[in-house]
Amino acid sequence: MKRIGVDVGGTFTDLILWDDAGQVVVHKTPSTPADPSVGTMEGIGVLAERAGIPVSDIEMFFHGTTVATNIVLEHNGADVGMITTDGFRDLLHIARKKRPLNYSNHQDLPWQKWQLVRRRNRRTVTERIDATGTVLTPLDEDQVREQVRLLRERGVGAIAVCFLHAYRNPVHEERVRAIIAEEFPEVFVSLSSQVAPQYREYERFSTTALNAFIGPKVSTYVTNLADSARAAGIGEDVHLMTSAGGLATARSACEAPVSLLTSGVIAGLLGGCAIGRASGYPSVITLDVGGTSADVGVAPDGKLRMKHLLDTRIGDYHAMVPMAEVDTIGAGGGSVASVDEGGMFRVGPRSAGAVPGPACYDRGGTEPTSTDAMVLMGWLREDSFLSGNMTVRPELARAAVDTHIAQPLDTSLDRAAMGIFKILAYSMTEAISLHSVRKGYDPRDFSLVAEGGAGPLFAWHIAEQLGIPRVIVPRHPGIASAMGLLTTDLRYEIPTTVWTSSAAPDVDLIATQMKRLEEEARSQLRADGVDDEHISMERSVDCRYMGQGYELRVPAPDGEIDEGWVAATAAAFHDVHGRTYSQRFEDKPVHLVNIRVTGVGAVPHIIIGEIETGGEDAGPAIKATTRALFWREEPSAPEWFETPVYDRALLRAGNRISGPAIVEQFDSTTVIGINQQATVDAVGHIIMERKSA
Amino acid sequence: MTALMPTTGVSLAGEATRTWKDVDVDPITLRVIGGALNSMAKEMAQVLYRMAYSSLIRESEDLGAGIFDVNGRELCESDSTPMHCGSIPAYIRGINRRLAGTYQPGDVVLHNHPYHGAAHSPDYGVMIPIFWQGEHIGFAGCTGHVSDIGGNFPGLCMDVVDVWAEGKLMDSMKIYEAGVRNDMLIQHILDNVRTPEQNRGDLEALIACARLGERRFTELLEKYGLDTVMSAAERWMDYSEDMLRRRIREIPDGSYEAPIGYLDDDGKNRGIPLKVAVRVQVDGDDVLVDLTGSNDQVPTAFNVPFEGSVLPTAVSAIRTILLDEFLTEEFVPQNDGCFRPVKAYAPEGSIFNPNFPASCFARFSQVNRVFDSINLALAPVLPDRAIAGSSAALCAIAYSGLAADGESYWVYIEINEGSYGGRNGKDGMDCVDSLMANTRNNPIEELELNHAMRAVRYELREEQPAPGEWRGGIGSVRTWLMEVDTFLGSEADNRSDPPAGALGGHDGRSGAFIRNPGTDREEVLFSKVTQEVCKAGDVLEIRLPSGGGFGDPLARDPQAVLDDVEDEYLTAEDARRDYGVVLDTDSWTVDEVATRELRSARAAA
């Protein structure tokens, strides 16, 4: 079977074609932000040509996109109207009333400055449902009709319907949808009881409004892409990566575009999991470093973890949807180094971007960046840029580092360059430790997968700092994300609030709701054309100790729901709480707040094939020798080392390399530190470990 | 703590005892240790609020956490709410006066005495001494506001006779001694509060938080050694001090006075406003916040602990204005260095420096007024930094009652938001916690699931915002229906002296509590009530203050005025009267000619 993964980023679109024989063809092309489907379809044409097949031979198409993310970050979504409960017009404006910065009179409150729904279009109607789901005040349908007509006259592109306690009883929201269908059938509609059926009104309304805000544009994009793919004869429907690390069909993605908000960054983590598995190391930490930012993910046993409710945001908006834990920080090849007026050495988060870019690019940038530092340290050679058809001027890097860092700090150029690297690497180390050590995971149990153009430059040092025993540099670090698209399944998660205590659990309620969720998930997958034999269900429960304010997500057992099931779930919660907070209170009752079902529709995954075997001697792959800067122990003086440069394409399984060494390939450079040795494994991954003493 | 000197005041900065060797730290290691200190404080705070029980800790992040040296000098602190920043050093000085020389590894100390450093008594503080190679070298500490401390009234208190009536005091109590837990003492503490289960959970969260700090700091020492870590910490404190002093030097030397402000009353003697006098003196790179002339101390809980609350406020206000995080690219960490250039003075026996044993439980409205006055004092000389008057109060309401079992209490404390004054270049922020407060609200749906209260309304106030070139922020209105008989306690203010306009902007709007509005039982309540009873079926409407305007309203962009009308903040009449803007409400456009004429006629008048 021939499958393609297409990962559309802000600058580049990465494409990968994979067949069951393990043949891999990759392609990188500039993104076309005006209509990303144009660049995508053109790229697919080139990819197929390189593989020597017609486009119509492609059977499956998997896609990761930042379309949804960009609409939110650039504030250019639809004009949204809102129908909400009388008396609660401004919940989106008040939000959780906590300002982002403590010490600032001049900050903006993003939800007020860039409103998802302007106040004039937030319309209220008489209705009220209480916490038990009982209707206290019936819906005034005439008012609904009047407000929908007003919104139609104003030409809104989407309507969010948000009533209090609709997660418990959606009857009023559903009635409003029926009225909208009569009065304004062409408008995009989002119901809070459907988009995020859980208690916490602000987060639910915000998620629903976000869905409406991005809905029209995202569904147009997805529909266009699916139509183009179909027209080109590509076999199955387009599958899109969701924030939770599963796939959705085009149809599902159009209904719940909010599930695509972090689509673009999840695939890198999934790719890392597959790479780790292929090399026999399932527990991975992934580090994907590009020009302006770095993505960090942690997957114990190759399983994604979901973010805490307080952390599921996009930009400054809350989105109460499952998001796999991947963090993006402002650290990359373009990160700018400076010495501030108080004499402190700083690197990032500001980036020189592609324009003006690092000083050595000679595009007008004069400030030193981490790329300039690595040119000075001899890790990035002029030749390596040349294979990317670019010329660089090391003397400009030297001048920038000298003027802006070495002179103000009264230190040598070598130390200044090393400092830029180490300080930037430290911010990545911190991000990884935030998601590992501080969540109760020991980095010594993981392997670090280096991805992106710059990840393999940093990984060796970060692994040393955190005591991660092993670095894996995949065969194609630059397209690990695109590959990740081909390694997961259709996954639809549906939650509901049950609000019951383990001390006196409402077992019937849980059982009834669980059954309903499983049926919903199953019918969703059937509608996507998945056979029953490929469908499975996963359960989880959001729990907290009675009286706490925030839940933790706990995997829950399969099988019949009874007192024993509740006890097993509570036991699992004690473990998760203990891991997260180093405290467990087994005598306290556990509050089961939400239950969740994830319907999984199995999709065949790619298999990473083996490469040609060679001996231990990697000598034949050496293409040059260079001088490169390293240091022996922390903190110590930098020294210059004679360093061999290897050609990645010539490495063979079984080759061994002793650090210091540099490995170059088309779109990435790998550094092997002086304390490390590396082996090329059967599937062509470089496995780097610390030299034994 | 040295004696108060009228000419210089005192600061929160501590004295260094160098038990380590000062060494050179290279710039890279310096950055790494600085980053590690900040992230350990942040991590401590996160553990505390995510596992806490009290809604004030978990939702409001009414907590502080950090690492301190043996004298309580702050090496790093979490940025949770400004009110807690800089209060922990005073707790440590408080416990040191009793316990210095007795610390052992494995000790855990609980403290809440407001005359010995506590911010106020409901803010439990937990301190753990950190040992390195057998030597006591510092503390990991944190504070958090618990739901009830067994005072005269559940949750909050106002009309109480003294500090013993406001709650149970714990002065430097070792709840663990050399690793051995004193269960009997802990039981005694919990037996004497109305919310024992919640307080037990919060105490465990505080201990977990401080232990985490102890562990993380020890790991840092293991990696770099005591001399390097402490020398780097010194350098960071000097850095923060230097950055703040640079900005202070840019203000012309002088004495800047805010308009005298008035608090409504003391919660008992109705109709007698309390004076707040704030003078900011700038002298080179030093600032003094002088509260001379403010009211004498009052016979209720409406006094302010000087060390634990006035000093952190002075620091936060100056830091906010001069190193505004939005306008400053560099992150300047919160530590002892920020305290050094800022001193405060309040006469003994005044509301800002009461004499023992006056109660000082309810202090937030007063310190927020001080912060607001510092802004107003500096607005003429720093128009690009300081802002118009904000909702300079805090509206806290404790709802409580006997639970269905008839034995335990339910207590729910709600911190209602405020709003900000207009700013040069931007309208004031609407509906948000202001100045020293920065807390989250609780989901309405959660409250309705937990308590017998039903939300009727939660929206922006319908009255128009304070006019200005940059209009004032808008406060909210929140209405609760009590489904059972409910006790009410409140600490609020800003009924009689609304947020002030600046540089030609209009004054904002006061707040209000109205019981059963729009009925024949309508009744306006005082801002501070003690054990007021609401019957089942009663409705309470809470209106929060709206901030003052900044600059001349006639200079406001007419398009912005039109937008405000379309968003139903203003009527077309308001636009004409207050802004000199004439609108065509059929086409929703500005009548530019008529507007120009009206505005020039107004300017000539």
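In the predicted model, the secondary structure of chain B comprises 14 helices and 24 strands. Along the principal axes, the C-alpha trace of chain B extends over about 80 × 60 × 40 Å. Of the 605 residues of this chain, 63% are classed as buried. Among the contacts in chain B with a separation of 6 or more, 74% are made by residues 24 or more positions apart.

The largest nonpolar core of the model holds 398 residues. Within this core, the members that touch the most others are A:V80, A:I159, A:A209, A:L287 and A:L448 from chain A, together with B:L48 and B:C209 from chain B. Helix α1 of chain B, which covers residues 27–51, contributes the largest share of the core, with 14 residues. The core also takes at least three residues from domain 1 (75–214) of chain A and at least three from domain 2 (490–601) of chain A. When residues up to four places away in sequence are left out, B:C209 touches B:M44, B:V47, B:L48, B:A65 and B:C142.

For chain A, the domain assignment gives domain 1, spanning residues 75–214, and domain 2, spanning residues 490–601. The C-alpha centres of these two domains of chain A are separated by 28 Å. Five residues of domain 1 and four residues of domain 2 take part in the contact between them. On the domain 1 side of this contact in chain A, three residues are nonpolar, one is polar and one is charged.

The two chains also meet, with 52 residues of chain A in contact with 65 residues of chain B. On the side of chain A that touches chain B, at least two residues are supplied by each of the helices α3 (91–94), α8 (201–231) and α14 (413–435) of chain A. The largest share of that side, five residues, is provided by α14(A). By class, the side of chain A that touches chain B consists of 19 nonpolar, 16 polar and 17 charged residues.

Technical notes. Residues are numbered from 1 along each chain as its sequence is written. Chains are lettered from A and ligands numbered from 1 in the order in which they are written. This is a predicted model: local features need pLDDT of at least 70, side-chain atom pairs count only at pLDDT 80 or more; totals for chains, interfaces and linings use all residues. A nonpolar core is a set of buried Ala, Val, Leu, Ile, Met, Phe, Trp, Tyr and Cys residues joined through C-beta atoms within 7 Å. A residue is buried if 20 or more other C-beta atoms lie within 10 Å of its own, exposed if 12 or fewer, and partly exposed in between; C-beta atoms are placed from the backbone. Helices (H or I, at least four residues) and strands (E, at least two) are DSSP runs, numbered from the N terminus. Domain bounds come from an automatic or database domain assignment. Two residues are in contact if their C-beta atoms, placed from the backbone, lie within 7 Å. Ala, Val, Leu, Ile, Met, Phe, Trp, Tyr, Cys and Pro count as nonpolar, Asp, Glu, Lys and Arg as charged, and the others, Gly among them, as polar.
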